[in-house]
Structure formats: structure tokens, C-alpha cells
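Colleague: Hi! Could you walk me through this one? I'm still learning how to read a fold.

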Amino acid sequence: MPHGLQAAVSEPLDAEHVMSRDFVLLEGSAGDHPAAEVGARYVLVTQGGRVIGFALPGGGTDEAFRVVDPGRRWPELMRTLKAHACERLVVATGDTADSVVGVITPREVARAARDKADLMD
């Protein structure tokens with residue numbers, strides 16, 4: 001395997017490289033901001049400066065998520081999802097909504113796995 005390709009395949013994934021930056025933060029309840037009307041892939045609902053959940057397309061809020069730091073590595077991301085039986089991670093550098101830098105859902109996990117698999121063929 002060429003050295004350049006070997007480096008790309010063995011490069012560790014972390015939350016910052018897996019996450020989507022296509023999100024918006026909206027204060028209030030999910031009913032105030034239907035996700036389909038906002039224009040971003042993900043809508044994070046906030047109250048009092050903290051993320052309380054993901055707005056769902058049909059209304060309502062999914063509050064089953066965890067917050068991880070941008071440097072969290074792939075194995076830890078997968079263990080976090082499994083241990084907490086959630087499908088969504090908020091990537092943030094702190095505890096407040098304004099520290100959010102990205103979102104990881106099954107879509108981002110699948111994309112990251114697919115991109116690595118493409119390199120291994």
C-alpha cells in the first residue's frame with residue numbers, strides 16, 4: 001500500500017472530523033421552530049443558554065443526546081453512543097450553547113465509515 005494511502009487509512013478519526021457543521025441554534029421549544037422550516041440539516045433547541053435537544057421534523061424535541069468534545073476519538077464516540085443508547089451527539093468546546101461546533105448523528109457516522117472503507121478497497 002502506498003505510504004500516502006496508508007497514512008490516510010490509519011489516520012484516527014475524531015469528533016471534529018466526523019461532525020456536521022450544518023446546524024442552527026434556536027431558543028425556545030421545538031414547536032416554535034419546526035426543523036423543516038429552518039433551512040439547516042439540524043436544529044438544536046436551546047433554553048437558558050444550554051442545548052436541550054434536537055428539533056424533530058414533525059415537531060417535538062429529541063432530548064436523547066450527549067455532549068462530546070471535538071477531540072473525542074472514534075472508538076470513544078461509538079462507546080458513548082452505545083452506552084447511552086442515543087443516536088445523536090453534540091460536539092462542543094464547553095457547557096453552553098454558544099460553544100457548540102457540530103453535530104454527529106447516524107448520517108455522519110455512516111459517511112465517515114464509508115469514506116474510510118473507500119480508501120481500503
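Predicted model: local features only at pLDDT ≥ 70, side-chain atom pairs only at ≥ 80, totals over all residues.

**Strands, hairpins and cores**

Colleague: Which residue in β6 is the bridge partner of Val67?

Modeller: That's Val90.

Colleague: And what is the strand order in the sheet they belong to?

Modeller: The order is β5-β6-β7, in an open sheet of three strands with mixed pairing. The edges are β5, residues 65–68, and β7, residues 100–104, and each of these pairs on one side only. On average, neighbouring strands here are turned by 25° against each other, ignoring direction.

Colleague: Which strands does α3 lie across?

Modeller: Helix α3 lies across β5, β6 and β7, and it runs at about 130° to β6.

Colleague: Let me zoom out for a second. How many helices and strands does the chain have?

Modeller: The protein chain has four helices and seven strands. If you start at the N terminus, the elements follow the pattern α-α-β-β-β-β-β-α-β-β-α.

Colleague: Okay, what about the sheet of four strands, what's the order there?

Modeller: That one is open too, with the order β1-β2-β3-β4 and mixed pairing.

Colleague: In which sense do β2 and β3 pair?

Modeller: Antiparallel, over four bridges, with β2 covering residues 42–47. You can find Val45 standing opposite Gly53 in β3. The two strands form a hairpin with two residues between them, and Gly48 in the turn has a positive phi of about 60°.

Colleague: How many residues lie between the strands in the hairpin of β3 and β4?

Modeller: Five residues, and Gly59 in that hairpin takes a positive phi near 105°. Strand β3, residues 50–55, pairs with β4 in the antiparallel sense over two bridges. Ala55 stands opposite Thr61 in β4, while Phe54 has Asp62 as its bridge partner there.

Colleague: Where do the side chains point along a strand like that?

Modeller: As a general rule, side chains in a regular strand alternate between the two faces of the sheet.

Colleague: Nice. New topic: how many residues are in the largest nonpolar core?

Modeller: There are 13, and those with the most contacts inside that core are Ala15, Val68, Leu77, Leu89, Val91 and Ile104. The elements giving two or more residues to this core are α2 (15–18), α3 (74–83), β6 (88–92) and α4 (106–120). A second, separate core has eleven residues, including Phe23, Val90, Ala92 and Val103.

Colleague: Which residues is Val68 in contact with, leaving aside its neighbours within four places in sequence?

Modeller: Val68 is then in contact with Ala15, Leu77, Thr80, Leu89, Val90, Val91 and Ala92.

Colleague: And over the whole chain, what share of residues counts as buried?

Modeller: 36% of the 121 residues. The accessible surface comes to about 6900 Å², and 51% of that belongs to carbon and sulfur atoms.

Colleague: Last one! Of the contacts between residues at least 6 apart in sequence, what share joins residues at least 24 apart?

Modeller: For the protein chain, that share is 46%.

Conventions: Residues numbered from 1 in each chain as written. Heavy atoms only, no water. Pairing = 2+ DSSP bridges. Core = buried A, V, L, I, M, F, W, Y, C linked by side-chain atoms within 4.5 Å. Buried < 20%, exposed > 50% of the residue type's maximum accessible area, 1.4 Å probe, protein only. Contact = heavy atoms within 4.5 Å. Areas by Shrake-Rupley, 256 points an atom, 1.4 Å probe, with all protein chains shown as cover. Axes fitted to C-alpha atoms, helices over the stretch in contact; angles between N-to-C directions.
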